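Hi,

Here is the structure I promised to send over.

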Amino acid sequence: MANTTTNAAPARARQPEAGAVAIPARRRRYTLLTRHDKILLALMVGIPLTLDVILIWGPTLASILLSFTNWDGVGDITSKNFVGLKNYQFMFTGYTLFWPAFTHNLIWLLWLTLIATPLGMLFAVLLDREIRGTRVYQSVFYLPVVLSLVVVGLIWELQYTPTDGFINNALGLVKSGHIIDWLGDSRINLYAILGAASWRHIGYIMILYLAGLKSVDPSLREAARVDGATEVQTFFNVVFPVMAPINVVIVVVTAIEALRAFDIAFIINQGKNGLELLSILITNNSLSEASLVGFGSAIAVILLLISMVPIVIFLTRVMRNA
Amino acid sequence: MAEVEVRDIRKAFGGVPAVDGVNLVCHDGEYLVLLGPSGCGKTTLLRMIAGLEHPTEGDILIGGHSVRGLPPRARKIAMVFQSYALYPHKTVEHNISFPLEAQGMTKEERATRVRWAAGLLGIESLLQRKPRQLSGGERQRVALARALVREPQVFLLDEPLSNLDAKLRASARLELKQFQQRLAASTIYVTHDQVEAMGLGDRIAVLNLGRLQQIGTPDEIYHRPANTFVATFVGSPPMNLVPRDGRLVGFRPENVRLSTDGQRLEGASFACHVIRIENLGSDRYVYLRVKGDEGDTNVIAKLAVAEQLPVKADEDAQLSVEQRHLSYFDQKTGGRIAA
């Protein structure tokens, strides 16, 4: 018996009657994400974003607003607290500690940029050559990085002690009677602190740069060797340019480390007598007995603006590559 | 140009020999191909000639002078890497001029040389581009130009066609051969592709497990292989090896004649059974099972489609090969023996 299943075409949709206006059917939007995906995405992005806004951008915005007030941290902020640009005016023209602190931060930045960071990069380049004992050297240079800056400060405070410290004794200054007060002399204490900070910073940069060097295509270095380039030529003409993304990270990390310098100076002498830094001024004004929260916030805003420069450079580079 | 000689060269990595006592010579102006499977030591050998690896033992001579203790830049060699190793941050022009810059040449001299090399390889219009803006074939030409500007004694090429698609590889192979012939340059070329080797080389050195198996012209390698490894590595399909009378009888698939009427040629004949026939367009592959006292052996015959096929699948047949097309190998050592 023949199969009687009909293969009739499916019924057509109803056509509008003659003379009637055809109303277009509602277009259905198609999406690759299911409802579950959307909820998950909202949670995964939303929760960190909310925390970021509450814990970082909220206080940042609050600091900016507070910088236009003379609020002392007690009671409500009223319109009477609003002082406009007076805090900034005082900071730039009347506050005797601001420009020394700004200069010290600048010196910190120059020191790290011109001395500590290049040393870290040099150690990375040397250790990348896989010389004997390279892992031991890596550990030795990296060890200070695992210490907090407070601990670093305490260690070096002991080393710099005028009569009992290692440095004066090692240099024979105690015996000869030419003791140097490394931390007490305001002409040199900043550089003494920078030496301590470099002890940690060099290891940090070294590890970052070494990781970057390991990712450079070895055939590029070999090609440069075959092309007749010396090691120095190979590094500056081939390796360094190829590591541009890592170089940007190094520069940004160096800038941020310089701008947020606080711990070592504070632990040594609370940032006085030649160790003034912007971050310490913020703390001293906002959290001390003076309770100049508004003024401290104004200094914080200046520090924020300065910090934006390396951050914007980094983000511009990242966005461009993306 | 110069002759390159490798004397009893050995290289071991952690006690494992990568190159194990190789002796060979690349004559002045010759195109010598190092051919072998992956891990045979051909690239290690090339890198030792370039100075990128230090031999454990042995010596390397370029132009009659030992270069064993010399760095790559002192050997007057140029190398094209498998990945081309073009500097990604430099333009094509600066990639080509970098070796001259390293030598301390003046800007004007560099510009002249770059223009000359770019003209020779037809890449003048690409000079301001970056490597990422180039196709595979263009990158290869830039790599060749960078090698050329140094006016080296020897060119070393490490599988430069392996990154190209099959169609481009054929035209690139022709360009490479013309390039070498124009310069009459001593060239050592590494490849695992036997078609490249047969097409490019004046002589081919076949390596396996770090040892030189045979060195000779493509004709010698193909028709008179020195051992069973060379016999089966070179040629597609590989040489058939059938045990008979305590030795292995080798013959190429294209030299097989098939019949069902018992007709025999002077040479060797084998009773066989046709397993399958494959039609590949211009050729036909006939898969056969040869019956023998020492067991059955699978054999492939390659016949032109234009030839009439005298057999059908699942049929008994007679396989014959002329004497001049036969090779004999020792069953234990695999080495070639007299008829």
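In chain B, 6 strands make up an open sheet with mixed pairing, and their order is β6-β7-β8-β3-β9-β10. Please keep in mind that this is a predicted model. At the edges of the sheet sit β6 (77-80) and β10 (211-216) of chain B, each of which pairs on one side only. On average, neighbouring strands in the sheet are turned by 20° against each other, direction ignored.

Strand β9 of chain B, residues 203-208, runs antiparallel to β10(B), and 5 bridges join the two. One pair to click on is B:I204 and B:G216, the latter being the bridge partner in β10(B).

There is a helix to look at as well. Helix α4 of chain B (residues 136-148) packs on the sheet, where it touches β6 and β7 (154-158) of chain B. The direction of α4 makes about 170° with that of β6(B).

Now for the contact between the chains. Here 14 residues of chain A are in contact with 17 residues of chain B. On the chain A side, the elements giving two or more residues are α9 (218-226) and α10 (231-242). Which of the elements gives the most to this side? That is α9(A), with 6 residues. Sorted by class, the side of chain A that touches chain B holds 7 nonpolar, 4 polar and 3 charged residues.

Have a look when you get the chance, and send me any questions.

Best wishes

Note on methods
Residues are numbered from 1 along each chain as its sequence is written. Chains are lettered from A and ligands numbered from 1 in the order in which they are written. This is a predicted model: local features need pLDDT of at least 70, side-chain atom pairs count only at pLDDT 80 or more; totals for chains, interfaces and linings use all residues. Two strands pair if DSSP finds at least two bridges between them. Helices (H or I, at least four residues) and strands (E, at least two) are DSSP runs, numbered from the N terminus. Axes are lines fitted to C-alpha atoms, for helices over the stretch in contact, and angles run from 0 to 180 degrees between N-to-C directions. Two residues are in contact if their C-beta atoms, placed from the backbone, lie within 7 Å. Ala, Val, Leu, Ile, Met, Phe, Trp, Tyr, Cys and Pro count as nonpolar, Asp, Glu, Lys and Arg as charged, and the others, Gly among them, as polar.
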